[in-house]
Amino acid sequence: MRQAVSWMSLCVSVYACFSASAFASSCSPDGIAGRTIVVDPTEHPLIGTMQYAETLPLADHEVVLTFDDGPSPRYTDRVLGALADACVKATFFMVGEMAKTFPAEAEKVWSEGHTIGTHSFAHPFTFGHMTEAAAGEEIDRGIDAVGHALDDPARLAPFFRVPGFLTSKATEAALAARGLMTWSADFPADDWLGISSAEIVRRALSRIEARGRGVLLLHDIHGRTAVALPEILRELGARGFKIVHVVAASPTLAKTVTDPSQWRPFGQVHPTAVAALQPDAAGVTDPHQADEHPAASGSANPAQRTATIGHHGRAKPKRVAGSRRAKPRKDARRHRPGPHHADRSRGTALR
Ligand SMILES: [Zn+2]
């Protein structure tokens, strides 16, 4: 474990140096690009009000963009293009198998100055009942694979997102032992469902507006997300929002000074409302826009692969021990936000 922590310290240090200097934005201060905040994972190991009692210390009208499950050449490129056009930086939670299959795409995300965290090796939906050792092994394999894809593990941030948010005390212990910051989110846009790009835009904006700030969950493995992103960014800009870039503190990069109260949830939240998110059968209606996941079909040719796992995975729903989940409805899929995510424009719970 000492070796792992030492490795992580080096990783954090070099990563932070690159993020803080090499990729300073030259974009207009009048644009949507916001500030960069530096966070200490060991002080705030669990963030995101969909599950936890703390979230990032954002000011009103500040949003952090996160993308899970990639990299996918087919769609990550388009996401990167939209982010570059807006001069904003995001955090990508990469799956080890994806990065191993598409290392050039992983490196491209890095070269464009985004923060890269990990999202396990094979995206299992079983972190909720793994032992700490098994969870640690899966976490380490993901870090190792993404680190190799980037040619340098020091390019990784010590940020992790649990697949499906299906976590447990044992998993969180494994993450904490590795000095990793576990990211939930403050609101999803449901882009893993078979909804239209316009609906992704509507849900993202309505939820951001309702809360005024927070961490948005998206996925860079869907065409509909790539289509929706430019409009989300345009609208957020028009409404006066800023996109905040998040990097990790290190011995050479001091954390952003914050007050503990800034990490507490804002507004009315129910941190345990989405404690158990399920890999329900998803609404992937267009097979051409499905994931490109190496584990999905077993095909040796990534181009022939059509994923069945990921945030909109087609894995058969399983009951997780200790889950709060009621019997799933067909339309109540993976993310089941609580009342604080109510879509006020329609008065219905968002899905
Ligand atoms: Zn995922």
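Reply: E235 counts as partly exposed, because 17 C-beta neighbours lie inside 10 Å, whereas a buried residue needs 20 or more. The model is a predicted one, and E235 lies in its helix α8. The C-alpha atom of E235 is separated by 9.0 Å from that of V201, although the two residues are 34 residues apart along the chain.

In general, two packed helices are described by the angle between their axes and the distance between the axes. Helix α8 covers residues 223-238 and helix α2 covers residues 73-86; their axes come within 8 Å and cross at roughly 5 degrees. Angles under 35 degrees count as roughly parallel, and α2 and α8 are therefore roughly parallel to each other. On the α2 side the residues that meet α8 are Y75, R78, V79, A82, D85 and A86. On the α8 side they are G223, T225, A226, L229, P230 and L233.

The contact of α2 with α4 divides into three nonpolar residues, one polar residue and two charged residues.

The loop between β3 and α2 deserves attention too. P71 has its place in this loop, and a cis peptide bond joins G70 and P71, with omega about 5 degrees. D69 lies in the loop between β3 and α2 and has a positive phi, near 85 degrees, in a residue other than glycine. Most residues other than glycine have a negative phi, and most peptide bonds are trans. D69 counts as buried because 31 C-beta neighbours lie inside 10 Å. A positive phi is also found at D190, about 60 degrees, although D190 is not a glycine. D190 is situated in the loop between β8 and α7, and with 24 C-beta neighbours inside 10 Å it counts as buried.

Helix α5 spans residues 132-149 and has 18 residues; from its first C-alpha to its last it reaches 26 Å, close to the 26 Å expected at 1.5 Å a residue. Its buried residues include E138, I139, G142, I143 and V146. After α5 comes D151, whose phi is positive, near 70 degrees.

In soluble globular proteins, nonpolar side chains tend to be buried together. The largest nonpolar core has 79 residues, of which V146 and L216 touch the most other members. Leaving aside residues up to four places away in sequence, V146 touches M94, G96, A99, A106, I116, T118 and L156.

The whole chain provides the setting for these parts. Its secondary structure comes to nine helices and ten strands, and buried residues make up 51% of its 351 residues. Of the contacts with a separation of 6 or more, 81% are between residues 24 or more positions apart.

Notes
Residues numbered from 1 in each chain as written. Predicted model: local features only at pLDDT ≥ 70, side-chain atom pairs only at ≥ 80, totals over all residues. Core = buried A, V, L, I, M, F, W, Y, C linked by C-beta atoms within 7 Å. Buried ≥ 20, exposed ≤ 12 C-beta atoms within 10 Å, placed from the backbone. Contact = placed C-beta atoms within 7 Å. Axes fitted to C-alpha atoms, helices over the stretch in contact; angles between N-to-C directions. Helix = DSSP H or I, 4+ residues; strand = E, 2+ residues; numbered from the N terminus. Parallel < 35°, antiparallel > 145°, perpendicular 65-115°, else oblique. Expected span 1.5 Å × (residues − 1). Nonpolar A, V, L, I, M, F, W, Y, C, P; charged D, E, K, R; others polar.
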